[in-house]
Each structure stands twice: as structure tokens, then as C-alpha cells.
Amino acid sequence: MPTVTQDTAVDGADRPAVPDPAARIRRLLTASPDVATPTAAPATAATTAPPDPTGLLAAALARFDAPVDLRVRGGLGSGRRTLAAALRARGGWRVSVDDIDVLAAPTARPAAAPDIEILCLRTAPCRHEEAWVRRPRRHPLLVVATGLYEDDDNAARPTDTHHSAASPRWARGLPTVDAREPEHRSVDAVIAFVERAMDSLADSRVARLEAELERLAVHAEVGELAEAALCALEI
């Protein structure tokens, strides 16, 4: 499986070795005479040498081997930072927090897709949030409603503004989460989602690497090497 970093404690149980599907591609790039190690240009050079096109393959492998990119997203006051802190405390994962209003802005520049995405909603989703959820994606997405409950705890806390006796219509069907206490049982569903996504991460990263190699296979300078890498990936 990919040599991704999950930032979680490793138990002492012996586990069978799983073949790394990208190992053959790494050997291919290392052995290829077309892959040259970039060198610094002389200080007196008038122009900068163009980048090595084979660096595109190296970049694809770097994304394959990178630590797990787990992102919690939401608007202002959505509870995204609170949920991210709970995931760090419960799972020991490295979690990044994004502002969905910035990401979904019409002028926003495209960003690399994460491995796992969680979207926090505290109020009815705005049009740009609904459009964001409908975007096609290869990675797992979980949408949660924060601070809304339909359980027996509400009867004991009728004045708690973070809870309501009944979830509003827009939140029905969504997991409801209160992450102010990391051990709260509502966080369990999010933990389970992340664990399932991590279990399937190897397959999704292989698919992403394969798609990137197919795109590079038509590159004028690195196409042949990308095709060879595709063949190595399929062996």
C-alpha cells in the first residue's frame, strides 16, 4: 500500500507485508537515464534553465507518498476547528482546517484534492455550500451538522443553545456532532468514517496516481516514461 503517514500510534501486532504498488515506478525513475538530478544554475547565468519535465512524474509520486491529507471544512462559526481538535485528540491524526467560503469563492484558485474531507454545517447550507457538496470528487466526503441533537440529553439541557429538541429540516439525515467534548458519543460516527476512509486510502491513491500517469502519457517529453510507469503499476 502507499507509504502514507497516518500520524497514529502503531500497535505491536505483527502485520503481513503489503506490496507497495509504486515501488516499481520509483525504481524505474531511478534507473532511467532520462531522469537527471537538477543542478543549480551558475550565479552569472543570464537565464534560468527550464524545469526537467520528468519532475512531473516525481511530483505525482510525491503526492502518492505524502502524509494523509485530512481536512475539516466549514464557514465561520461552523465548529470546524472544534471538530478538528477532537479528531486530533481522539485519533492522533494530522488535521487541516479550511474556510469553505474562501475555497468556494468564484475567484478561488483550484487546490489539490485532499484524501479525506469533512464539511461542517451549523446552519442551512448556502448556495455555494450546496454546490460544493455536489462537486464530483474521488475522495470520501462526510457532511455533518454541528450542535444539533435529537436525543435524550436535550431534556436535561433545554436552555443549551448548542442543542435543539428537534433537528431542522436541512439537518435531517446528516450526522449530528457536538465536538466540544472529544469523547462525546456523537464524535464516534466521524471517527468511524475517518477510519474507513483510511482503510480504503491505498486504492484511492493508486487510482489517483494512475489517472495522473495517463494524463502525463501524452506529454511530448515525458510521455514514454509515463507509459512505462503505467505498465509497471499494473504488473
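**Close-up views of a predicted model**

View 1. With a relative accessibility of 24%, Arg 137 counts as partly exposed. When its neighbours within four places in sequence are left aside, the residues in contact with Arg 137 are Glu 117 and Trp 132.

View 2. Among the contacts between residues at least 6 apart in sequence, 72% join residues that are at least 24 apart.

**View 3. Helix H2 beside helix H8.** The axes of helix H2 (residues 55-65) and helix H8 (residues 201-216) come within 10 Å of each other and cross at roughly 170°. Because angles over 145 degrees count as roughly antiparallel, H2 is described as roughly antiparallel to H8. On the H2 side, the residues that take part are Leu 56, Leu 57, Ala 60, Leu 61, Arg 63, Phe 64 and Asp 65, and in H8 they meet Arg 205, Val 206, Leu 209, Glu 212, Leu 213 and Leu 216. Sorted by class, the contact of H2 with H8 has nine nonpolar and four charged residues, and no polar ones.

**View 4. The salt bridge between Arg 205 and Asp 115.** The side chains of Arg 205 and Asp 115 meet in a salt bridge, with 2.4 Å from N to O. Arg 205 lies in helix H8, whereas Asp 115 lies in the loop between helix H4 (100-103) and strand E3 (116-121), so this pair ties together parts that are 90 residues apart in sequence. Both Arg 205 and Asp 115 are buried, and Arg 205 is also one of the H8 residues that meet helix H2.

**View 5. The salt bridge between Glu 183 and Arg 90.** Glu 183 forms a salt bridge with Arg 90, and the closest N and O atoms of the pair are 3.8 Å apart. Since Glu 183 lies in the loop between strand E5 (176-177) and helix H7 (188-199), and Arg 90 in helix H3 (residues 80-91), the pair ties together parts that are 93 residues apart in sequence. Glu 183 is exposed, with a relative accessible area of 63%, whereas Arg 90 is partly exposed, with a relative accessible area of 25%.

View 6. The structure holds 12 salt bridges, and one of them is formed by the side chains of Asp 178 and Arg 180, at 2.6 Å from N to O. Asp 178 is buried, with a relative accessible area of 7%, whereas Arg 180 is partly exposed, with a relative accessible area of 42%. Elsewhere, salt bridges that share partners join Asp 69, Arg 71, Arg 73, Asp 98, Glu 117 and Arg 137 into one network.

Notes: Residues numbered from 1 in each chain as written. Predicted model: local features only at pLDDT ≥ 70, side-chain atom pairs only at ≥ 80, totals over all residues. Heavy atoms only, no water. Axes fitted to C-alpha atoms, helices over the stretch in contact; angles between N-to-C directions. Helix = DSSP H or I, 4+ residues; strand = E, 2+ residues; numbered from the N terminus. Parallel < 35°, antiparallel > 145°, perpendicular 65-115°, else oblique. Contact = heavy atoms within 4.5 Å. Nonpolar A, V, L, I, M, F, W, Y, C, P; charged D, E, K, R; others polar. Salt bridge = Lys/Arg side-chain N within 4 Å of Asp/Glu carboxyl O. Buried < 20%, exposed > 50% of the residue type's maximum accessible area, 1.4 Å probe, protein only.
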